[in-house]
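Thank you all for coming this morning.

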Amino acid sequence: APIHDSVDEIDNIHFDFIIVGGGTAGNVVANRLTENPKFSVLVIEAGPSHEGIINSEVPFFAINNWFTQYDWNYTTVPQPGLGGKSAIIPRGHVLGGSSSINFLMYTRSTREDYDRIAKITGDQGWSWNSLFPYFKKNEKFVLPADRHNITGQFTPSVHGFKGPLAVSLPGFETPIDSKVVTATQQLGGGFSYVEDYNNGKPLGVGFLQVTVDENGRRASSATAYLAPRYLKRPNLHVLVNAQVSRLIQTSRSKTPSFLTVEFRHRSRKRLTQLTAKKEVILSAGAIGSPHILLNSGIGDAKALNALGIKPLVDLPDVGQNLADHSAIANPFVALGNDTFERIRQPNVTAQLLKEWKKSGTGPLVNTVASLVGFHRVEGADIPNPDPAPGPETPHFEHLFANGLIVPNAFVPPGQPIFSVATAIVSPSSIGSLTINSTDPFAMPLIDLALLKEESDRRMMRAALRHAFKFLTAPVWDDYVRGGAGDLAGATTDEQLDEYINAEAGTFFHPTGTAFMSPKGSKKGVLDPDLRVKKISGLRVVDASVFPRIPSGHTQSCVYVIAERASDIIKAAYT
Ligand SMILES: Cc1cc2nc3c(=O)[nH]c(=O)nc-3n(C[C@H](O)[C@H](O)[C@H](O)COP(=O)(O)OP(=O)(O)OC[C@H]3O[C@@H](n4cnc5c(N)ncnc54)[C@H](O)[C@@H]3O)c2cc1C
C-alpha cells in the first residue's frame with residue numbers, strides 16, 4: 001500500500017493493529033507484523049513523508065532539520081541544573097521519527113545496561129545475550145562511502161549483515177581522525193583504542209559507527225523498514241500528517257481496553273476515530289507516548305482530576321522517570337583550516353552537495369563526528385549510588401569532531417574549530433513529563449532534569465577535564481590552541497560551572513516515561529511484555545520503555561527493543 005495522505009483512502013479498512021507514530025520503533029513493528037499476511041496494520045504519523053527531504057538524506061545536513069516542520073520544536077521547562085535556563089528538545093516530526101533527523105551515531109550501549117534492565121523487569125529476554133540476535137537482525141553492516149579498508153576499525157563477528165538498517169564507518173577521512181588515533185597511542189590507559197565499542201564493552205576510543213548506507217545516504221527506520229518493497233504489502237498502511245490526540249476506551253471490563261484512536265488529519269476539520277481489532281501500539285516516542293496516555297485519562301488519577309481530565313486508569317508513573325543525557329559541544333581553536341567551518345561556507349557546501357548527489361561521496365557523507373570515546377570517572381567523582389550498572393559501563397562520552405558540532409555555539413564566526421563534546425551517559429538526575437492543559441494538542445511540560453543532581457555536574461566537570469587531558473597528547477601540539485569562545489581559559493570549578501550553565505543542553509536521548517517493571521508491580525507503566533498495566537490491548541514500544549537510561553545514543557537501543565517487541569506481539573496471536 002502507498003503512503004496515504006488522506007483519511008478517505010483508509011476509512012473503510014479494518015485494522016488488526018494501529019501503531020501510533022511512524023518513528024524509529026513504530027516502523028520496525030509495522031514491518032515485522034505485516035510479514036504475516038493475515039495481520040492488517042495501520043501506522044498513524046503526525047509528520048509528513050520522509051521522501052525527498054534532502055536535509056534528512058544528507059548525513060552532514062542533519063542539523064538543518066531543527067526548527068523546521070520536521071521537528072516538534074519542544075523546549076524544556078526552566079532547568080535548575082542549567083542555572084535556570086530552558087533547553088531546546090528537537091524530535092523528528094516526519095516518517096522515520098527521530099531516526100530521520102538524528103546525528104546517525106550507532107552505539108548499542110553496554111552488556112551491563114541490558115542485563116540491568118533484565119534484572120529490574122525480571123525478564124531475561126531483555127538481557128544482552130538474549131537481545132544480541134536482534135541487534136544483528138536489525139543491522140546491515142556495509143562498506144563506507146569511500147570504500148576505505150576498515151580492517152581494525154570494527155569487529156565483524158558482532159555485526160549483522162542482512163538486516164534492513166545500513167550501518168557503516170565514516171565514509172570520508174577528516175584531518176583529525178589519524179591524530180585522534182595517535183593520541184590514543186600516546187596516552188594509553190582510559191584513552192586506549194577500542195576496535196569495536198558495539199561489542200557490549202565500549203570503554204576507550206574508537207571509530208564511530210553510523211546509520212549511513214554505502215552510497216553515503218542516511219538510513220532511517222523509514223528508508224529501511226518502509227522501503228518500497230515493504231510498502232508493496234497490501235496489509236501495510238501508513239497515514240501521514242495525522243496527529244493522534246488520545247485513545248478512547250472501548251470496553252469497561254476489569255481490564256478495560258482503549259482500541260479506538262482519535263486523530264486530526266490536515267485534510268479534515270473534524271477529528272477522526274479508527275478502531276483496532278487486536279491492539280493499539282503506542283510508538284510516539286518518549287515525549288509523545290506518555291503525552292497521549294495522559295490525554296486519554298491514563299496516568300496519575302489525582303493530577304488528571306485536578307486538571308479536569310477524567311481519570312480512567314490510575315497509573316501514577318506515566319510521564320515519570322524521564323531520563324536524558326546532558327551534553328556540551330566543546331569548541332577548541334584549531335590551527336588547520338580544513339574543518340567544518342570551511343565546508344559550511346555556502347559556495348563550498350553547494351559544490352560538495354553536487355559531488356554527494358553525483359557519486360555519494362565527499363565530506364557530506366559523514367555526521368558531525370568521526371571518533372568517540374566512552375569513559376568512567378574515578379574516586380570521589382563516582383556518585384553514590386553509582387548510576388552506571390557496572391564497571392564496564394561509561395559515565396561519560398567524548399565525541400571528536402573536525403569543527404563546531406552545533407554551528408551556533410558561541411565562537412567567532414569562521415574560526416576553525418576542533419571539538420571534543422562531553423556527555424553524561426550514566427546520569428543520576430531524573431525528570432518528568434506532565435500536562436497542564438486539557439487540549440491534547442498543547443505542548444506538555446517537559447523536565448529533562450539536565451544536570452539537576454550535583455553528582456552529574458561533578459561528572460560534567462570531570463568530563464571536561466578529561467577532554468583537556470586528551471589534548472595534552474603531543475600530537476595536538478601543532479594543531480590545538482586551547483578552548484574557544486566561553487571555554488577559553490576556563491579551569492576552576494567556578495569557571496567551568498559558568499561555562500556549563502551557558503552551554504549545556506540535551507544529548508537528545510529522552511527515555512523512560514512509560515517504563516517497564518515486573519508483572520504485578522505497583523511501580524512502572526508496562527509489564528515486561530510492553531503491555532500497559534491494568535489495560536488490555538495496549539502496548540508501548542519506543543524509547544519510553546527503558547526503566548534506566550542506557551549509556552549509548554539511543555536509536556540502536558530503540559531498534560532492538562522494537563525488534564524483540566515485534567516477536568512478542570506476533571507470538572501472542574499465533
Ligand atoms: C537531533 C537528534 C539527534 C540525535 N542523535 C542521535 C544519534 O546520533 N544516535 C542515536 O542513537 N540517537 C540519536 N538521537 C536519539 C534517537 O534518534 C531517538 O532516541 C530514537 O530515534 C527514538 O525513537 P522512538 O521510536 O522512541 O521515537 P521517534 O523516532 O521520535 O518516533 C516517534 C514518532 O511518533 C510521532 N508522533 C509523536 N506524537 C505523535 C502523535 N500524537 N500522533 C502521531 N504521531 C506522533 C513522531 O512524529 C515520530 O515520528 C537523536 C535524536 C535527535 C532528536
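Predicted model: local features only at pLDDT ≥ 70, side-chain atom pairs only at ≥ 80, totals over all residues.

**A walk through the fold**

Let me start with one unit of the chain, where strand β2, helix α1 (residues 24-33) and strand β3 make a right-handed β-α-β unit; right-handed here says that, with the strands pointing away from the viewer, the path from the first strand over the helix to the second runs clockwise. The names of helices and strands follow DSSP runs numbered from the N terminus, where a helix is a run of H or I of at least four residues and a strand a run of E of at least two.

Residues are numbered from 1 along each chain as its sequence is written.

Back to the unit, then: strand β2 (residues 15-20) and β3 run parallel and are joined by 4 bridges, and Phe17 stands opposite Val41 in β3. Strands are said to pair if DSSP finds at least two bridges between them. β3 is also joined by 4 bridges to strand β9 (residues 236-239), again in parallel, with Ile44 opposite Leu239 in β9.

What covers the picture of β3 (residues 41-44) on its two faces, buried or exposed residues? Val41 and Val43 on one side, and Leu42 and Ile44 on the other, are all buried, where buried stands for 20 or more other C-beta atoms within 10 Å of the residue's own, exposed for 12 or fewer, and partly exposed for anything in between, with C-beta atoms placed from the backbone.

Now the whole protein. Its secondary structure comes to 14 helices and 24 strands, and 57% of its 574 residues count as buried. Along the principal axes, the C-alpha trace spans about 70 × 50 × 45 Å. The radius of gyration is 23 Å, which agrees with the value near 25 Å that a compact globule of 574 residues would have; that radius is taken over C-alpha atoms, and the globule rule is 2.2 Å times the number of residues to the power 0.38. Among contacts between residues at least 6 apart in sequence, 74% join residues at least 24 apart, a contact being a pair whose C-beta atoms, placed from the backbone, lie within 7 Å.

How is the chain divided into domains? The assignment, which comes from an automatic or database source, gives domain 1 (1-67 + 92-104 + 221-325 + 430-441 + 509-574) and domain 2 (143-217 + 327-426 + 454-503). Their C-alpha centres lie 32 Å apart, and the contact takes 13 residues from domain 1 and 22 residues from domain 2. On the domain 1 side of that contact there are 10 nonpolar, 2 polar and 1 charged residues; for these classes, Ala, Val, Leu, Ile, Met, Phe, Trp, Tyr, Cys and Pro count as nonpolar, Asp, Glu, Lys and Arg as charged, and the others, Gly among them, as polar.

Let us turn to strand β16 (residues 331-334), where Phe332 lies. Phe332 counts as buried because 23 C-beta neighbours lie inside 10 Å. Leaving aside residues up to four places away in sequence, Phe332 touches several others, including Ile417, Val420, Leu471 and Ala484. β16 pairs in the antiparallel sense with strand β19 (residues 417-424) over 3 bridges, with Pro331 opposite Ser419 in β19. β16 also pairs in the antiparallel sense with strand β22 (residues 480-483), over 2 bridges, and there the bridge partner of Ala334 is Val480.

Finally, some backbone details in loops. Most residues other than glycine have a negative phi, and most peptide bonds are trans. Leu104, in the loop between β5 (88-89) and α3 (111-121), has a phi near 65 degrees, a positive value, and Leu104 is buried, with 25 other C-beta atoms within 10 Å. Arg147 also has a positive phi, near 55 degrees, and lies in the loop between β6 (139-141) and β7 (165-167); with 10 C-beta neighbours inside 10 Å, Arg147 counts as exposed. A cis peptide bond, with omega about 0 degrees, joins Asn384 and Pro385, and Pro385 is found in the loop between β17 (371-375) and β18 (396-401).

Notes:
Contact = placed C-beta atoms within 7 Å.
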